[in-house]
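I started with the strands and then went to the helices.

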Amino acid sequence: MSSELTPVDEVAWQKKWSDASIFEAVITEGKPSFYCLEMYPYPSGKMHMGHVRNYSIGDAVARFKRLMGFDVLYPMGFDSFGMPAENAAIAEGGHPHDITERNMASITEQIKRMGFSYDWGRLLKSHDPNYYKWNQWFFTKFMEHGLARREHAPVNWCSACNTVLANEQVKAGRCWRCNGPVEQKEMNQWFLDTPAYCQELLDGLDTIDFPENVKSLQRDWLGRSEGANIQFGLEGRDETIEVFTTRPDTLFGVTFVTLAPEHPLAETIVKGTDREAEWKDLYDEVSIMTEFDRIKNMKKKKGMFSGCYAIHPLTNERVPIWIGNFVIASYGTGAVMAVPAHDERDFEFASQYDIPIRRVLVMEEGAQHDGELKKAETDDGWMVNSPIDGFDGRYGQEARNAVCEALEAAGCGHRLVNWKLRPWLISRQRYWGTPIPVIYCEDCGTVPVPDEDLPVVLPRDVVFSGEGNPLETSASFLHVACPTCGKDARRETDTMDTFIDSSWYFLRYTDPGNDTQAFAKAIADHWMQVDFYCGGIEHAQMHLIYARFMTKALRDMGLTTIDEPFNELLCQGMVNKAAPFCSDCGVTLTVDHAIGSPCPHCSKELGSRSAKMSKSTGNTVSPEDMIERYGADTVRLFILFAANPTAGMDWSDTALEANHRVVLQLQGIPDYMNEWNGGEGPMDAWLEARFEQRRLEFIAAMDEYDLRRAVEVSHFEIIKDINWYTRRGGLNGEMANKMLPVWAQMVSTSTPHLAEEWWEGMASTEGFVSSSLMPLPIESTTTALVNLAGEQYIRDFLEQARKIKGVAERHLGQPASEATIVVSPSWKRTLAQAALNFVIEGGHPKQFMPLLKEMPIAQGDRMGEIMGFWGKKMLPQVFKWDDASREIICSTLDEEAVLAAASDFIATELNLKTVLIVEGESESDTTGRAGSAMPLSPAVVYV
RNA sequence: GCAGGGGUGGCUGAGUUGGUCAAAGGCGCCGGGCUUAAGAUCCGGUCCCGUAUGGGUUCGUGGGUUCGUAUCCCACCCCCUGCACCA
């Protein structure tokens with residue numbers, strides 16, 4: 001293999017692909033289609049390793065599916081609305097539009113340099129009016145269908161971002177984007193009715209191939225709980241208090257009712273009493289405090305008696321009404337029935353405020369049911385102490401049903417499924433997003449912008465001061481004639497959450513040029529669902545819920561027939577790199593601190609630990625630099641080979657270099673193989689069979705998206721096979737013609753430029769490997785299998801023989817010069833075959849003994865010896881042989897013949913003068929070592 | 001607290017329908033061939049012991065089931081992710 005290699009001109013290949021438009025997605029009659037998609041990126045100026053990894057995975061899949069004969073849709077675009085560009089405009093001047101376009105241009109160039117096989121003709125950008133027009137159109141349709149509505153409601157407000165946030169965008173009380181505190185504010189905002197699809201979103205999870213943790217995340221977020229709403233009357237008042245509970249079976253244990261401080265009734269019943277001030281304090285504490293502080297203070301339960309009593313719906317008992325800080329206004333009804341005996345929080349609260357605790361369940365059937373409870377017993381139990389007949393003794397679900405029936409009969413309660421998911425708050429008080437297409441008219445009220453006036457385009461004449469919503473500074477935008485009556489009216493200045501953009505972009509990709517519809521139904525239905533969707537786990541409960549919701553909503557408006565947008569989701573792992581780490585302090589430091597230097601906190605010597613690549617740690621690697629130095633192929637190969645797609649991977653410069661060497665080595669392979677001039681030989685059939693086997697392994701791995709394994713086969717194992725071939729004397733230049741086309745196809749999924757170079761140099765190929773089809777696999781013949789088995793046998797034998805040789809030479813005190821290989825005596829083989837057949841047919845090995853006694857080999861005076869051999873040696877071995885070995889043993893493979901044919905080779909490999917092969921216990925066996933020879937495992941005697 | 005995912009040799013990482021497992025592959029390290037040399041590449045070694053094909057101890061910890069367990073069961077510890085006074 002030559003060392004005088006010119007690097008592959010990757011850019012030239014990229015240009016050729018582009019000129020020939022080979023990655024354009026087309027629909028071919030009769031061909032299956034495959035939609036391969038990566039989460040489209042926000043166009044920051046630079047591509048980082050996370051992008052590289054994401055797209056290297058997707059591209060390998062797309063290329064593989066093309067090889068396998070699919071019409072592949074593999075698009076790229078930009079999630080180009082969003083706050084970073086607007087914040088940059090505020091900080092540095094300029095306009096978000098220009099900043100975004102500039103960033104897009106530079107990141108696009110970098111992505112193209114990687115050689116990914118996108119259909120760039122479908123490039124989509126969210127901030128294109130031709131795209132966001134459809135956001136607006138959908139919005140007006142949602143209004144028509146009652147799925148979009150404006151409400152005055154408490155919402156999450158991030159003052160750092162100067163906008164409201166959806167529930168999904170609040171992480172542990174903080175803003176998902178800036179990590180600033182989030183507070184509650186009452187505002188008029190637009191919501192989409194995501195809860196209408198709760199049940200379907202939950203059920204749909206069972207029909208799609210998402211990772212378990214993502215499903216679990218989504219289930220948590222949907223938060224289904226089954227229970228009942230129950231009405232409590234109020235003593236001396238007309239109102240009722242409605243509570244939600246999952247435990248109607250504990251209804252008779254209610255000793256008080258608790259309202260959230262924000263509950264409207266709380267204010268009503270304390271108004272004008274001497275308790276009003278106390279309530280106000282509590283109200284202020286929970287509502288004005290940021291959610292973050294509230295969570296921190298959660299541990300302290302606090303409450304007050306309201307002075308009022310509720311009436312128990314079934315017993316008519318008086319129950320005190322309390323107001324407590326632990327009741328959440330926005331969940332359920334904002335009021336709970338308190339059963340201290342069977343709920344931990346109620347127990348704690350009741351103990352604190354000396355409220356009676358009444359047991360109404362026992363945890364063991366027929367158990368004692370008086371006596372004091374030490375703690376709440378929250379499991380299902382048997383009802384006791386019921387003041388009404390017919391309930392005691394009922395258990396769990398049956399008990400709940402009985403209580404619900406009683407409530408329903410009394411007309412003061414009903415069964416209900418409650419969800420945690422709230423409507424999607426989509427209003428944002430920011431400029432760089434889709435304007436909400438609504439006009440407010442004094443006479444006509446809230447008027448949607450008519451279809452013919454769409455899109456409502458973002459105006460240029462706005463001021464980015466960092467204060468307030470910039471859209472409000474545009475007079476031309478703000479003032480508009482009412483579409484209904486023509487009078488002066490005012491436009492909505494809020495824009496849409498940018499997650500709207502990413503909720504349907506995969507549909508637009510199917511028909512990106514359509515200017516009369518968002519997408520043609522037939523085309524979208526042809527390509528959808530996305531077969532393979534690859535991206536980061538961070539979108540598990542935002543984007544991936546919204547997109548599923550949107551797909552279902554659009555389906556119900558008749559725009560598609562798709563239930564779920566994504567079939568298989570793959571969340572790629574993070575790209576990490578070693579960073580300084582103090583094991584005592586448990587702190588990861590920036591790369592400014594050298595490994596081995598003392599920790600700045602405790603002075604202990606710093607070690608290193610793998611950490612996510614981040615600007616703050618400084619452990620980033622620039623893809624650009626790496627491509628420049630090693631080429632895109634090497635970077636891609638390394639990324640795919642370093643770890644499985646879903647696993648975290650560690651960046652390693654040395655491993656990268658090792659992969660670069662593999663790329664160089666592969667580059668020289670065609671020349672190397674073509675130089676073989678030995679003509680046909682006995683090893684050719686083996687190499688052919690072996691290669692075919694490798695191809696099947698490759699296909700199987702790719703089918704399961706086990707890209708690491710696939711690359712291991714295509715870029716590593718086949719090289720080893722070639723080495724073995726030449727080592728065993730193979731030197732047929734014809735093999736190059738036989739193997740290289742298919743091998744190039746395998747190589748092309750991860751290192752396409754290199755593969756094109758191979759392809760171009762071959763006589764039998766034309767066009768591009770990137771647009772070629774892989775021939776169908778060939779079924780292996782029996783001869784091929786025996787061939788493979790024979791070589792495997794020799795390899796295994798050599799490995800074993802080498803080990804023994806070391807020990808033997810120590811024993812001999814000098815290098816061994818000769819070896820006698822003692823193949824297992826034929827009766828052992830016969831025995832093994834009989835035992836294996838017995839086992840394969842389902843027999844228990846231990847029951848083989850009686851059969852053995854009947855066998856001809858066990859007759860005569862050797863019977864005892866053979867029985868002993870079976871128990872001690874053969875029985876354990878029968879279990880240990882793998883399927884391949886079993887096949888070989890039961891096959892016609894003649895160990896002695898295989899070894900004899902390879903005896904010269906063996907002698908060379910073991911560095912011996914002569915090698916003698918004998919059958920154990922035969923006349924020529926003078927070694928006396930036949931005892932330790934087993935089928936597939938000959939004994940070796942060194943002299 | 002609840003839920004989901006994990007803990008394998010110097011590192012990384014396969015392997016989990018129990019037997020093919022002292023445990024693939026890669027990296028690192030060691031030795032050898034090739035070479036004037038370097039690089040590249042090829043071959044071999046890389047838990048411990050062992051004058052012959054073997055033995056010992058290993059897959060978070062401790063128990064258990066089994067002829068046999070990295071793999072199955074139970075308990076515990078630790079790590080990651082998400083949710084969290086959700087009634």
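I looked up strand E32, residues 818-823, and found it paired with E33 in the parallel sense over six bridges. The model is predicted, and I keep that in mind for every entry. Within this region I noted that Val822 stands opposite Val918 in E33.

Next I checked what packs there. Helix H31, residues 903-910, packs on the sheet and touches E32, E33 and E34. The direction of H31 makes about 125° with that of E33. Helix H25, residues 782-812, lies across E32 and E34 and runs at about 35° to E34.

Then I wrote down the sheet itself. Three strands form an open sheet in the order E33-E32-E34, and the pairing is mixed. Which strands stand at the edges? They are E33 (914-919) and E34 (939-942), and each has a single partner strand, so one side of each is left without a neighbour in the sheet. Ignoring direction, I noted that neighbouring strands of this sheet are turned by 20° against each other on average.

My last entry is on a helix pair. The axes of H1 (residues 10-20) and H24 (residues 752-760) come within 9 Å and cross at roughly 80°. Angles of 65 to 115 degrees count as roughly perpendicular, so H1 is roughly perpendicular to H24. On the H1 side, the contact is made by Glu10, Trp13, Gln14, Lys16 and Trp17. On the H24 side I listed Pro752, His753, Glu756, Glu757 and Glu760. By class, I noted three nonpolar, two polar and five charged residues in this contact.

Definitions and conventions. Residues are numbered from 1 along each chain as its sequence is written. Chains are lettered from A and ligands numbered from 1 in the order in which they are written. This is a predicted model: local features need pLDDT of at least 70, side-chain atom pairs count only at pLDDT 80 or more; totals for chains, interfaces and linings use all residues. Side-chain values use heavy atoms; hydrogens and water are left out. Axes are lines fitted to C-alpha atoms, for helices over the stretch in contact, and angles run from 0 to 180 degrees between N-to-C directions. Helices (H or I, at least four residues) and strands (E, at least two) are DSSP runs, numbered from the N terminus. Angles under 35 degrees count as roughly parallel, over 145 as roughly antiparallel, 65 to 115 as roughly perpendicular and the rest as oblique. Contact means heavy atoms within 4.5 Å. Ala, Val, Leu, Ile, Met, Phe, Trp, Tyr, Cys and Pro count as nonpolar, Asp, Glu, Lys and Arg as charged, and the others, Gly among them, as polar. Two strands pair if DSSP finds at least two bridges between them.
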